[in-house]
Amino acid sequence: MIAFPNCKINLGLNILARMENGFHELETVFYPVNIHDALEILPAKILETELTVTGLPTGDPGNNICLKAYHLIRKDYPQLPELSIHLHKAIPLGAGLGGGSADGAAMLQLINKEFTLNISKDQLFGYAFMLGSDCPFFILNKPCLAAGRGEKLTPLPVSLSGYKLVIINPGIHLGTAEAYKNITPAIPRKRISEIISQPIATWKVELKNDFEKQIFEKYPSIKKIKEQLYEEGAIYASMSGSGSTVYGIFKNDINPGVLSGTDYFYKIIEAT
């Protein structure tokens with residue numbers, strides 16, 4: 001059985017408060033994007049579950065979220081057989097696109113379907129949250145306002161259908177701890193749920209990502225990508241999540257810009 005996990009972008013991101021458990025309370029809009037990994041599960045050929053990975057680099061396969069998802073479910077469903085798992089990565093790792101979380105959510109759903117475990121959606125959300133804060137989004141996989149650590153999801157009627165998205169990743173891997181360093185939480189004057197309901201043309205002025213200021217100071221090349229997207233005609237451009245991916249929303253057909261001539265990860269896709 002095979003699945004094609006998609007990634008997401010963040011439309012705005014506010015860090016509201018630091019919680020007692022050390023995590024941060026945030027608000028953002030998760031929006032699904034049609035860039036996909038491929039994940040396949042088959043009966044194991046050996047006496048233990050194994051994972052092979054092709055495509056873009058992923059780090060240590062033994063620490064992969066797909067294996068974590070398998071072992072998480074198997075604790076409650078010990079009848080699960082050993083599996084041969086193959087993951088082909090097309091979504092950059094550590095890029096603010098949620099590619100790893102998407103893979104973990106897809107693994108949970110594949111196992112549930114393939115072995116007729118009849119795990120409810122609420123249970124899947126619970127498993128997904130154990131894997132990562134934004135993992136539950138990929139169970140729902142539709143535009144959502146996300147609160148808490150990213151797991152409190154409210155579907156929104158926002159649509160970018162008819163627009164083009166330019167997705168650029170410069171290959172700079174940003175860890176979560178680095179992204180949150182020196183962040184000062186604050187309640188914004190205007191909440192994302194209100195801004196996102198306005199015309200996209202207003203987003204450039206009002207829709208912010210709180211991670212950008214310090215990330216741009218440390219990595220000016222990421223800031224330059226955002227500036228170039230605006231120079232090429234983007235209606236709105238932003239870093240996604242904690243970076244380092246930057247995206248631009250375009251109203252009309254566009255020609256690949258100067259950034260497409262670099263060795264950056266560069267995609268032009270139709271928004272859905």
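In this predicted model, strand β7, comprising residues 144–147, is joined by four bridges to β8, and the two strands run antiparallel. Within this pairing, Ala 146 has Leu 153 of β8 as its bridge partner. Both strands belong to an open sheet of four strands, arranged in the order β2-β3-β7-β8 with antiparallel pairing. From one strand to the next, the twist averages 20°.

The cysteines were examined next. A search of the whole structure finds zero disulfides, and Cys 7 accordingly takes part in none, the nearest cysteine sulfur being that of Cys 135, 14 Å away. Cys 7 is buried, its relative accessible area being 1%. For Cys 144, the closest cysteine sulfur is in Cys 135, and because the distance is 14 Å, the two are too far apart for a bond; Cys 144 is likewise buried, with a relative accessible area of 0%.

Helix α3 spans residues 121–131, and Leu 124, Tyr 127, Ala 128 and Leu 131 are buried within this helix. Viewed down the axis of α3, these buried residues fall within an arc of 100°, and they therefore line one face of the helix. An α-helix has 3.6 residues a turn, so residues three or four places apart point the same way. The buried residues of α3 pack against α1 (65–76), α2 (99–114) and α4 (137–140), whereas Asp 122 and Met 130, on the other side of α3, are exposed.

Technical notes: Residues numbered from 1 in each chain as written. Predicted model: local features only at pLDDT ≥ 70, side-chain atom pairs only at ≥ 80, totals over all residues. Heavy atoms only, no water. Buried < 20%, exposed > 50% of the residue type's maximum accessible area, 1.4 Å probe, protein only. Arc of directions from axis to C-beta. Contact = heavy atoms within 4.5 Å. Pairing = 2+ DSSP bridges. Axes fitted to C-alpha atoms, helices over the stretch in contact; angles between N-to-C directions. Disulfide = S-S within 2.5 Å.
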